[in-house]
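Reader: Please take me through the fold and some selected residues of the model shown below.

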Amino acid sequence: MDSYRVERVKMSSLSIREVIERVTSGRLRIPSFQRGFVWDADRVAFLMDSIYKGYPFGAVILWRTKEQLKSERQLGPFELPDHDPDLPIDYVLDGQQRLTSIFGVFQSDIEALEEAPWTSIYFDLHAEKDLQDSQFVCLSPEKVDPARHFPIGAFFNVAGYRTATKEFDDELADRIGAVQAVFQQASIPVQLVETDDRAKVAIVFERVNRMGMELDILQLLSAWTWSEDFDLQEKFEDFAEELRPFGFHRMGDDSNLLLRCCAALVKGDVSPGALVELNGGKVRDNFPNMVNGVKGAIDFLRSNIGIQALGNLPYPALLVPLTVFFAAPDGKEVKVTAAQRRTLVTWFWRACFSRRFSAGVIRNLNRDIKEAAKLRRGERSALADVVAEVDSGFFTEQTFNVATVHTKVFVLLIAQSGPLSFVSGTPISLGTVLQAYNRNEFHHLYPKKFLRDQGRATHEIGMLANFVFMSSADNKTLGGVAPSVYRSRMDSAATPKIIERTLCPASLFDDDFDIFVAERASVLVDAAKKLMGVI
């Protein structure tokens, strides 16, 4: 069998009674890398209605293994019992919310550690049969009408069911019995993954959660790799606080980015499988090197690109190869030659304009990590040999949005020219602007009102080529008039230098938007190519 295939995946099903039995026996468990129980009472009741009506509610994915994880979660508010060591354990990779809901509603053996009102689900005897509306409700005790609401939690408890139905006449008893039979016969579809290869489990978990919660490798490692005397998550949080003065404290929220930096140093590989296989001891030993590498990468980006915060980076992944280059033992500093600096800068811009880390991220990162290590050692490195092309469409077909890659690259491109205030001609404090980095620091060269009066479409008005560093105060001073009009409100002596530093052509003031856009896009393309070393 190919090594990348999971050894065994089996389709099966579980009855509700089997779910209850497996949880109470300790065989069905929740790994710590799963998020906690988050469903509300209405959603639980809606699931019960779907089971009752036979609507599909999704397969559960279980991972069967022979060993118990070091760290596990409770099943919602229920503490899971110890398991029989002679039996395999099934960990829930997908479907925790559904299984927790089913167990919480129907089990009667385990006391909840905290109040769980969502477990009190009732079948509404007076509800009309309806394909859409639910016939199940969650009620607090004071709102329960015994003549109308039947507690479905009694369906798998003989004594409880007998008590709940003792006053029913034959017709009502038959009706409730029919509802009970549906739940007793219900099947929960299951995909069972049998493997002891944790790297494969990590990838399965990532795949099934890709459209929802992102894979948290740090929690996976906490579950099975890390020793109790080294809390990596705590180390990451402390390190993030160290970076706060530099605008990079948000790295603490991206544990996978920091783990990739660790893996790049320890293994030269940042794939999910490599992250999961990280050796705790080696990461502990290399942690100071990684810290210095990240700090060196940040200093390089601030000094050579003008980046002031993590939010300025088009791709956070750019930090990983840079960390490898700048990693050094505690107290030491990597000496960078002029040639190495040129290579790193060229690589940065080519990676940005080629959208290198939008697809094939792992493959491209691993290649760049290898080449960054060569560059640091003084060997022949192909780090900057990235194919990148840029044309006018980059600036005319994309609209300005501070959250997008195109806009972040555009902003950094303009920043390289040292833009000036559009009114006074004084230098703009790029450090302050890029630290704040919000839409209020950028405005249109051809005002929205002017272009709307010409009947221009929204995407034309908002294209990148029509934007510039401009404070809200300067924008108000210039007003929504034609460029030829607001030119008189600019410092006349500084105007030529202002438009030069903003990478604008002199045609800005001719009031011909089409000509201006074509010429400015050309200027921007030339500036981009120079940074990439193409011209």
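The questions and answers that follow go from the whole chain to single residues.

Author: This is a predicted model, in which local features need pLDDT of at least 70 and side-chain atom pairs count only at pLDDT 80 or more, while totals for chains, interfaces and linings use all residues. Residues are numbered from 1 along each chain as its sequence is written, and side-chain values use heavy atoms, with hydrogens and water left out.

Reader: How many helices and strands does the protein have?
Author: Helices (H or I, at least four residues) and strands (E, at least two) are taken as DSSP runs, numbered from the N terminus. On that basis the protein has 23 helices and eleven strands.

Reader: What is the radius of gyration of the protein, and why is the protein described as more spread out than a compact globule?
Author: The radius is taken over C-alpha atoms, and the globule rule is 2.2 Å times the number of residues to the power 0.38. For 535 residues the rule gives 24 Å, and the protein lies well over that value, so it is more spread out than a compact globule. The C-alpha trace spans about 95 × 60 × 40 Å along the principal axes. The radius of gyration is 31 Å.

Reader: What percentage of the contacts with a separation of 6 or more is between residues 24 or more positions apart?
Author: Contact means heavy atoms within 4.5 Å. Among contacts in the protein with a separation of 6 or more, the share from residues 24 or more positions apart is 76%.

Reader: What percentage of the residues in the protein is buried?
Author: Buried means under 20% relative accessible area, exposed over 50%, and partly exposed in between, with a 1.4 Å probe and protein chains only. Of the 535 residues in the protein, the buried share is 50%.

Reader: Which residues of helix 12 are buried?
Author: Helix 12 covers residues 319–326, and eight of its eight residues are buried, so it is largely enclosed by the rest of the structure. The residues concerned are Leu319, Val320, Pro321, Leu322, Thr323, Val324, Phe325 and Phe326.

Reader: With which residues is Asn312 in contact, leaving aside its neighbours within four places in sequence?
Author: Asn312 is found in the loop between helix 11 (280–304) and helix 12. Its relative accessible area is 2%, so Asn312 is buried. Beyond its neighbours within four places in sequence, the contacts of Asn312 are Ile307, Lys408, Leu412, Leu434 and Tyr437.

Reader: How many disulfides does the count give?
Author: A disulfide is here a pair of cysteine sulfur atoms within 2.5 Å. The count comes to zero disulfides. Cys261, for one, is in none, and its nearest cysteine sulfur, that of Cys262, is 7.1 Å away. Cys261 is buried at a relative accessible area of 0%, and the number of disulfides is zero.

Reader: Is Leu503 buried or exposed?
Author: Leu503 lies in the loop between helix 22 (495–501) and helix 23 (513–531). Although Leu503 is not a glycine, it has a positive phi of about 55 degrees. With a relative accessible area of 10%, Leu503 is buried.
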